[in-house]
Amino acid sequence: MSIRWRLTLFNALAIGTILVLLGVFLFTALSSTLPSNVESTVQDRALEAARSIGAGKKLGPKEVERLTLNGVYVIVRDGQGRVLARTVNLVPRNNGQTDTVWRRTLVSGNPTGGEANLSPEPPDYVYAVPVRPPGGEARVVEAGKSYESAREALNVFGVALAAGLLAALLLAVVGAYFLARAALSPVEAVVDSARRITEGDLSKRLPVANGRDEIGRLTRTINRLLSRLESAFARREETLARQRSFTADASHELRTPLTSISGYARMLDEWGLEDPEAARKAVAAIKRESERMKSLVEELLILARGDEGVPLRRSRQSLDALAGEAVRGAREAAGNGAGKPSVGYQSSGGLVEGYFDRDRIRQVADIFLDNAVKYTPAGGEVLVSAREEAGWAVLEVSDTGVGIPKEQLPLIFERFYRADTARATEGAGLGLSIARQIVEAHGGVVEARSEPGKGSTFALKMPTNSTSGE
Ligand code: ADP
């Protein structure tokens, strides 16, 4: 059963019960009041008539009229119960000889009340008072009145009460139904709108009619939930899209060396025996391409492990010592070869400490240095420095190389992205994305500044005292 009907039914039951109880109470109260009214009127009149007669007065027409108001009749009997006089408004069904009220009065000598069947609409209430007029015989003055008028009034009241209660009950049920409908109509609106929200369109929100009531609060909560769902879906979409393009790029990058390897292998197969020179060339190319593939696969593995969130092995380390080592490594790799820029280390003079995974951060320094050397022509300069700055341990690699066009600068940390200036050099465009992944896992940031034709500066920043990322 719907809430609307349950509310209606509950209201109808509650109001109905109250109305019925009220009706029963009113009816009972009135059904005892009306007959007792009849009785007290009759008693008053009987006593009044008895007083007059007892005083030896004769009842005049005016007095009789007053005594017989509201259908009260008066009878005067002698000591044997015979009717001496009666008011004209009583058309007796019998002479009342069988009635017991006056008899009891005569026997007891006290006023007595009780039921009698004197009037044409019995039962009546009769009250008999003994009197003895001065110098006269004992008599009984009786006053009486039929209960009929009281019963009729009670019947009319009962019918009116029942009709009134029924009408009130109907009104209450209809009112409760419309009230419940009005109160629940915002819920209908919410259900309607919610039905229209699908997975593909989470941008819609439910209408909030009144933000302060219960339904308003519920709607606002659902809207907040929808916002969270929307951003979760958007993030999922973004991740899926990134994964798709990553897989496509990776396959593409792997296919290039594989195509050359299979080409040279075919060449080796066809000419290798007859032409030793061609064979040497093919083997060298195959070696070169497989090396390239190996380093590409290694880089992909590093990224995949980073995505999985392989834990860091962090400890308190000196960043300036690490920078010095990286510089020595880069010089060794470059050898004394001409055509390479010079690599220098600029000490900050103080100790620069951080809480990091030494091997991983060394990897980042190597990536920055490799790039700096790669994209800086002979005669150029590469400078590495480490310093502490506003709670950050900073390692910076700057060069006087080709630089990066301004509009491409925000993209170079993306996977497989290579700026136009790098076309002539080898690389898959994964180095910087690995660097960023490692630094962000440490709770740090990577930054790049560049001026095309003049040089670039790459920096990694890590919080000095933080243990975030663990
Ligand atoms: P790559 O293997 O191409 O070097 P990276 O992810 O290391 O891949 O770098 C992405 C791109 O950023 C490079 O292709 C290059 O265009 C640009 N880049 C990185 N470092 C430098 C630098 N020191 N000078 C100029 N360009 C750079």
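Predicted model: local features only at pLDDT ≥ 70, side-chain atom pairs only at ≥ 80, totals over all residues.
1. Start with H8 and H9. Helix H8 covers residues 358-374 and helix H9 covers residues 431-441; their axes come within 9 Å and cross at roughly 150°. Angles over 145 degrees count as roughly antiparallel, so that is how H8 and H9 run relative to each other. The crossing of H8 and H9 is left-handed.

2. Who touches whom there? On the H8 side the contact is made by Arg 360, Ile 361, Gln 363, Val 364, Ile 367, Phe 368 and Asn 371. H9 brings Gly 431, Leu 432, Ile 434, Ala 435, Ile 438 and Val 439. Sorted by type, the residues of this H8–H9 contact come out as nine nonpolar, three polar and one charged.

3. Now the cores. The largest nonpolar core has 46 residues, and Leu 319, Phe 368 and Leu 460 are those with the most contacts inside it. H8 supplies the largest share of this core, eight residues. Apart from it there is another core, of 20 residues, including Leu 67, Val 74, Tyr 125 and Val 129. As background, nonpolar side chains tend to be buried together in soluble globular proteins.

4. Ignoring neighbours within four places in sequence, Leu 460 is in contact with Ile 361, Val 364 and Phe 368, among others. Its contacts also include Ala 393, Val 394 and Leu 395, as well as Val 439, Val 445 and Val 446.

5. The other helix pair to look at is H5 (residues 214-271) with H6 (residues 276-308). The axes of H5 and H6 come within 8 Å and cross at roughly 160°, which makes H5 roughly antiparallel to H6. This crossing, too, is described as left-handed. The residues of the H5–H6 contact split into 21 nonpolar, three polar and three charged.

6. The peptide bond from Pro 122 to Pro 123 is cis, with omega near 0°. Pro 123 sits in the loop between strand S3 (112-116) and strand S4 (124-131).

7. Two non-glycine residues have positive phi. Ala 390 has a phi of about 50° and lies in the loop between strand S9 (381-389) and strand S10 (392-399). Phe 416 has a phi of about 70° and is in the loop between S10 and H9. Buried or exposed, in the case of Phe 416? Phe 416 counts as buried, at 12% relative accessibility, whereas Ala 390 is exposed, with a relative accessible area of 77%.

Methods:
Residues numbered from 1 in each chain as written. Heavy atoms only, no water. Axes fitted to C-alpha atoms, helices over the stretch in contact; angles between N-to-C directions. Helix = DSSP H or I, 4+ residues; strand = E, 2+ residues; numbered from the N terminus. Parallel < 35°, antiparallel > 145°, perpendicular 65-115°, else oblique. Left-handed = near helix turned anticlockwise from the far one by under 90°. Contact = heavy atoms within 4.5 Å. Nonpolar A, V, L, I, M, F, W, Y, C, P; charged D, E, K, R; others polar. Core = buried A, V, L, I, M, F, W, Y, C linked by side-chain atoms within 4.5 Å. Buried < 20%, exposed > 50% of the residue type's maximum accessible area, 1.4 Å probe, protein only.
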